[in-house]
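The report that follows is meant to be read alongside the sequence and the 3D view. It goes through the strands, the core and a few individual residues in turn.

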Amino acid sequence: IWDLETDKCVLTLEGHRGTVYSVAFSPDGTKIASCSRDQTIRLWDTDTGECVCTLEGNRAEVHSVTFSPDGTQLASGSLDGAVRVWNVETRECVLTLEGHRCTVYSVAFNHNGTKLVSGASDHTVRIWDLKTGKCVLTLAGHTNIVKLVVFSHDSTMILSSSFDNTICLWD
């Protein structure tokens, strides 16, 4: 963790046994989530730098992690093509979304936490309804790995970037 005023590292979080692929702050700034090649997600206390828990149960490397807007859930994307949704308080996987054929590199919640978007190495972007657990739309416009996806603040658009050297804006 870096102090932007002094440009100094104030905390180093150590504990994963493999490459760390993604990190995210909780909306209230009290927690950090990290995910790794070691098939785990770790939650860290931002004040102390201590690991408060390790979420296990992934069958493969975890490549992406993000908090819901209210901080009660965590979404992850992994090498096995699954998107998982975790309850931050109970630390349990509450939903597994399957549809991608290979590595999910990016996941993002919409502004009210009712939908999730994922991007994967199968060149697709998928939009998931978190109440039903169903994929409501598959967007196929990229010709290579989708590396990053994000909802606009009002959730009316999605941006995706790809190894095909393009950025797509989806309505």
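## A facing pair and the basis of the model

Which residue in β8 does F67 stand opposite? The residue that faces F67 in β8 is L74.

This is a predicted model, in which local features need pLDDT of at least 70 and side-chain atom pairs count only at pLDDT 80 or more, while totals for chains, interfaces and linings use all residues. Residues are numbered from 1 along each chain as its sequence is written, and side-chain values use heavy atoms, with hydrogens and water left out.

## The sheet from β7 to β10

Strands here are DSSP runs of E with at least two residues, numbered from the N terminus, and two of them pair if DSSP finds at least two bridges between them. By that reading, four strands make up an open sheet whose order is β7-β8-β9-β10, with antiparallel pairing. Its edge strands are β7 and β10 (92–98), each of which pairs on one side only. Neighbouring strands in the sheet are turned by 20 degrees against each other on average, with direction ignored; for such angles, axes are lines fitted to C-alpha atoms, and the angles run from 0 to 180 degrees between N-to-C directions.

Between β7 and strand β8 (residues 73–78), the antiparallel pairing extends over five bridges.

## The nonpolar core

A nonpolar core is a set of buried Ala, Val, Leu, Ile, Met, Phe, Trp, Tyr and Cys residues joined through side-chain atoms within 4.5 Å. The largest one in this model has 13 residues, and those with the most contacts inside it are A33, I41, L43, L55, V65, F67 and L74. At least two residues of this core come from each of β4, β5 (41–45), β6 (51–55) and β7 (62–67), and β7 gives the most, with three residues.

F67 illustrates how these parts meet: leaving aside its neighbours within four places in sequence, the residues in contact with F67 (heavy atoms within 4.5 Å) include A33, L43, L74, V88 and F109.

## S36 in β4

S36 lies in strand β4, which covers residues 31–36, and it is buried, with a relative accessible area of 0%. The side chain of S36 reaches the backbone oxygen of G18 at 3.1 Å. Not counting residues up to four places away in sequence, S36 touches H16, G18, T19, V20, Y21, E61 and V62.

Strand β11 (residues 104–109) pairs with β12 in the antiparallel sense over five bridges, and A108 has V117 as its bridge partner in β12. The hairpin that β11 and β12 form has five residues between them, and G113 in its turn has a positive phi of about 75 degrees.

Five bridges also join β12 to strand β13 (residues 125–129), again in an antiparallel arrangement, with G119 standing opposite V125 in β13. The hairpin of β12 and β13 has four residues between the strands, and H123 there takes a positive phi near 75 degrees.

## The sheet from β15 to β17

Three strands form an open sheet in the order β15-β16-β17, with antiparallel pairing. Because β15 (146–151) and β17 (167–170) stand at the edges with a single partner strand each, one side of each is left without a neighbour in the sheet. The twist from one strand to the next averages 15 degrees.

Five bridges link β15 and strand β16 (residues 158–162) in the antiparallel sense, and S160 in β16 is the bridge partner of V149. N165 lies in the loop between β16 and β17; although not a glycine, N165 has a positive phi of about 70 degrees, and at 75% relative accessibility it counts as exposed.

## Cysteines

A search of the whole structure finds zero disulfides, a disulfide being a pair of cysteine sulfur atoms within 2.5 Å. For C9, the nearest cysteine sulfur is that of C51, 17 Å away, whereas for C51 it is that of C53, 6.3 Å away. C9 counts as partly exposed at 39% relative accessibility, and C51 counts as partly exposed at 29%.

Definitions and conventions: Buried < 20%, exposed > 50% of the residue type's maximum accessible area, 1.4 Å probe, protein only. Polar contact = N/O pair within 3.5 Å; in protein donor to acceptor, adjacent residues only side chain to side chain.
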